[in-house]
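Reader: I have a new model open on my screen and would like to learn how to read it. Could you walk me through it, one feature at a time?

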Amino acid sequence: MKTLYCHQFKLVGHTYLLAATAKGLAFVGSADKDLKELSDFYPEVQLIDDESKLTKIATELKAYLAGKLEKFDVELDVSGTAFQESVWKALEQIPYGQTRNYTQIAEEIHKPKAVRAVGSAIGKNPVLMVIPCHRVITKAGKVGQYRGGAVMKEHLLDLESHLK
């Protein structure tokens with residue numbers, strides 16, 4: 001059974017649940033969500049509350065949410081299907097303060113007809129903000145879906161657009 005070290009941190013007015021393995025960051029929860037969100041991603045894990053294993057990412061997230069950090073520097077330990085991982089890699093290439101649409105991501109991974117599947121893979125991103133899925137919007141320029149909710153996504157996009 002996989003072990004996840006987790007802890008809830010109060011960061012810039014909201015609570016975020018973070019989790020990591022011994023290898024790296026495995027989960028960043030939505031603002032003010034509970035343990036159920038983590039168990040949706042990792043249904044069969046042993047959870048150990050250990051703040052010390054998550055202090056570095058909590059510090060980086062706090063700086064990001066305060067507009068003082070543009071790029072995270074933490075090891076990740078996330079895995080998905082080959083398709084999901086290709087989408088997540090494409091998301092990591094979207095520069096701070098910029099957006100892409102779902103079609104552009106599908107084209108970038110050489111699967112131009114897989115727009116819906118791209119949206120699904122984005123929804124399976126376990127590390128919000130660190131893999132910047134909030135930077136993907138609809139072709140019409142609308143916010144679209146987001147695990148953390150539309151308000152959180154709009155806030156992150158606004159944060160990044162005002163600090164460039």
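Author: Let's start with the word "helix": here helices are DSSP runs of H or I with at least four residues, numbered from the N terminus. Keep in mind that this is a predicted model. In helix α2, residues 55-65, K56 and E60 are four residues apart, about one turn of the helix.

Reader: What do K56 and E60 form, and how far apart are the closest N and O atoms?

Author: The general idea is a distance test: a side-chain nitrogen of Lys or Arg must be within 4 Å of a carboxyl oxygen of Asp or Glu. K56 and E60 form a salt bridge, with 2.8 Å between the closest N and O atoms.

Reader: Are K56 and E60 buried or exposed, or something in between?

Author: Buried means under 20% relative accessible area and exposed means over 50%, with partly exposed in between. E60 has 11% relative accessibility, so E60 counts as buried. K56, at 46%, is partly exposed. The story also takes in D73: salt bridges that share partners join K56, E60 and D73 into one network.

Reader: How many salt bridges are there by this rule?

Author: The count comes to five. Another one sits in helix α1, residues 35-41, where K36 and D40 are four residues apart, again about one turn of the helix. Their side chains meet at 3.0 Å, N to O. Both K36 and D40 are exposed.

Reader: Which residue forms a salt bridge with E37?

Author: That is R147, and the closest N and O atoms are 2.7 Å apart. This pair links distant parts of the chain, since E37 is in helix α1 while R147 lies in the loop between β6 (136-137) and α6 (150-162), 110 residues away. E37 has a relative accessible area of 11%, so E37 is buried.

Reader: Let's move on to rings. How many aromatic pairs does a search of the whole structure find?

Author: It finds three. To read a pair, look at the distance between ring centres and the angle between planes; planes under 30 degrees apart count as stacked, over 60 as edge-to-face and the rest as tilted. For Y64 and F72 the centres are 5.4 Å apart and the planes are at 45 degrees, so this pair is tilted. Y64 is buried, with a relative accessible area of 0%, and F72 is buried too, at 14%. Y64 and F72 form one aromatic cluster together with Y96.

Reader: Where does the charged end of K53 sit?

Author: Over the ring of Y5, 4.8 Å from the ring centre.

Reader: And the strands? In what sense do β2 and β3 pair?

Author: Strand β2 (residues 14-20) pairs with strand β3 (residues 25-28) in the antiparallel sense, over three bridges. The two form a hairpin with four residues between them. To find one of the bridges on your screen, look for A20, whose partner in β3 is L25. As you trace a strand, remember that in a regular strand the side chains alternate between the two faces of the sheet.

Reader: Finally, which domains does the domain assignment give?

Author: The assignment of the protein chain gives domain 1 (2-66) and domain 2 (82-162). The C-alpha centres of domain 1 and domain 2 lie 21 Å apart. In the contact between them, domain 1 takes part with 16 residues and domain 2 with 16 residues.

Key:
Residues are numbered from 1 along each chain as its sequence is written. This is a predicted model: local features need pLDDT of at least 70, side-chain atom pairs count only at pLDDT 80 or more; totals for chains, interfaces and linings use all residues. Side-chain values use heavy atoms; hydrogens and water are left out. Two strands pair if DSSP finds at least two bridges between them. Buried means under 20% relative accessible area, exposed over 50%, partly exposed in between (1.4 Å probe, protein chains only). Rings of Phe, Tyr and Trp (its six-membered ring) pair if their centres lie within 6.5 Å; planes under 30 degrees apart count as stacked, over 60 as edge-to-face and the rest as tilted. A charge sits over a ring if NZ of Lys or CZ of Arg is within 6 Å of the ring centre and within 35 degrees of the ring normal. Domain bounds come from an automatic or database domain assignment. Contact means heavy atoms within 4.5 Å.
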